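Take a look at the model below.

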Amino acid sequence: MGPRAGPRAFDMSVDSMMTSPMTMDPWAWLERRLDGVPAELAAAMRTALERLEPGSAATPAEGLAHVALEELDSVLGAAEQDRRAALRLLAADALLTYAFEAAADPAAGGSAELAERLAERVGPRGALGARIAAIECPAE
């Protein structure tokens, strides 16, 4: 899956966020953490993660963050705002939370520095901040 063009696209490129590439499947890293997650939420997370092309993420943090932001973008851009959309929004939130955990996990190639850079990348001045600003102040 390549980056989408347009004002709502999120740029989560490896070069912009991570400096120490490590090949690890984000799903393999995440799977071990889903034991206590409600089945319906875990299924929504799996569905979102299936959209990530194998080998496209340098680290689990990068892959999870990319999928989370793409899912958020998709849900916010959808016309229907129903229970399914709410579940997808929860899945995006959970995936982004796990992205931060992976960014700080040395076993997943993470470090405090990578977690901080992920926060800068998706935070108020990053991808999420730009998306929220677009909602609050749509371009004319």
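Glu-71 and Arg-88 form a salt bridge, with their closest N and O atoms 2.6 Å apart. A salt bridge here is a side-chain nitrogen of Lys or Arg within 4 Å of a carboxyl oxygen of Asp or Glu. Glu-71 sits in helix H4 and Arg-88 in helix H5, so the pair ties together parts that are 17 residues apart in sequence. Helices are DSSP runs (H or I, at least four residues), as are strands (E, at least two), numbered from the N terminus. Glu-71 is buried, at a relative accessible area of 3%. Arg-88 counts as buried too, at 12% relative accessibility. Buried means under 20% relative accessible area, exposed means over 50%, and partly exposed lies in between (1.4 Å probe, protein chains only).

Before going on, note what is being read. This is a predicted model, in which local features need pLDDT of at least 70 and side-chain atom pairs count only at pLDDT 80 or more, while totals for chains, interfaces and linings use all residues. Residues are numbered from 1 along each chain as its sequence is written, and side-chain values use heavy atoms, with hydrogens and water left out.

Glu-71 has another partner. Its side chain meets that of Arg-51 in a salt bridge (2.4 Å, N to O). Arg-51 lies in the loop between H3 and H4, and Glu-71 in helix H4, so this pair ties together parts that are 20 residues apart in sequence. Arg-51 is partly exposed, with a relative accessible area of 38%.

How many salt bridges does the structure hold? There are seven. One of them joins the side chains of Arg-33 and Glu-101 (3.0 Å, N to O). Arg-33 is in the loop between H2 and H3 and Glu-101 is in helix H5, so the pair ties together parts that are 68 residues apart in sequence. Arg-33 counts as partly exposed at 24% relative accessibility. Glu-101, at 38%, also counts as partly exposed. Salt bridges link Arg-33, Glu-101 and Asp-105 in a network.

Now step back to the fold. The chain has seven helices and zero strands. From the N terminus on, its elements run α-α-α-α-α-α-α. Of its 140 residues, 44% count as buried. Take the contacts between residues at least 6 apart in sequence: 69% of them join residues at least 24 apart. Contact means heavy atoms within 4.5 Å. The accessible surface comes to about 7,600 Å², and 57% of it belongs to carbon and sulfur atoms. These areas come from the Shrake-Rupley method with a 1.4 Å probe; for residues, only the protein chains shown count as cover.

The largest nonpolar core has 35 residues, and Leu-30, Met-45, Leu-64, Leu-95 and Tyr-98 touch the most other members. Two or more residues come from each of helix H2 (26-31), helix H3 (39-49), helix H4 (60-77), helix H5 (83-104), helix H6 (112-122) and helix H7 (127-136). H5 gives the most, with 10 residues. Such a core is a set of buried Ala, Val, Leu, Ile, Met, Phe, Trp, Tyr and Cys residues joined through side-chain atoms within 4.5 Å. Follow Leu-64. Leaving aside neighbours within four places in sequence, Leu-64 is in contact with Pro-26, Trp-29, Leu-30, Leu-49, Leu-95, Tyr-98, Ala-99 and Ala-102.

Ala-103 also lies in helix H5. At 1% relative accessibility, Ala-103 counts as buried. Beyond its neighbours within four places in sequence, Ala-103 is in contact with Ala-61, Gly-110, Ser-111, Leu-114, Ala-115 and Leu-118.

Which residues of H6 are buried? They are Leu-114, Ala-115, Arg-117, Leu-118 and Val-122. Seen down the axis of H6, they fall within an arc of 165°, so they line one face of the helix. The arc is that of the directions from the helix axis to the C-beta atoms. On the other side of H6, Ala-112, Glu-113, Glu-116 and Glu-120 are exposed.

Last comes confidence. The mean pLDDT (the predictor's confidence in each residue, from 0 to 100) is 76 for the chain, and 78% of residues reach 70 or more. Where pLDDT is low, the predicted coordinates should not be read in detail.
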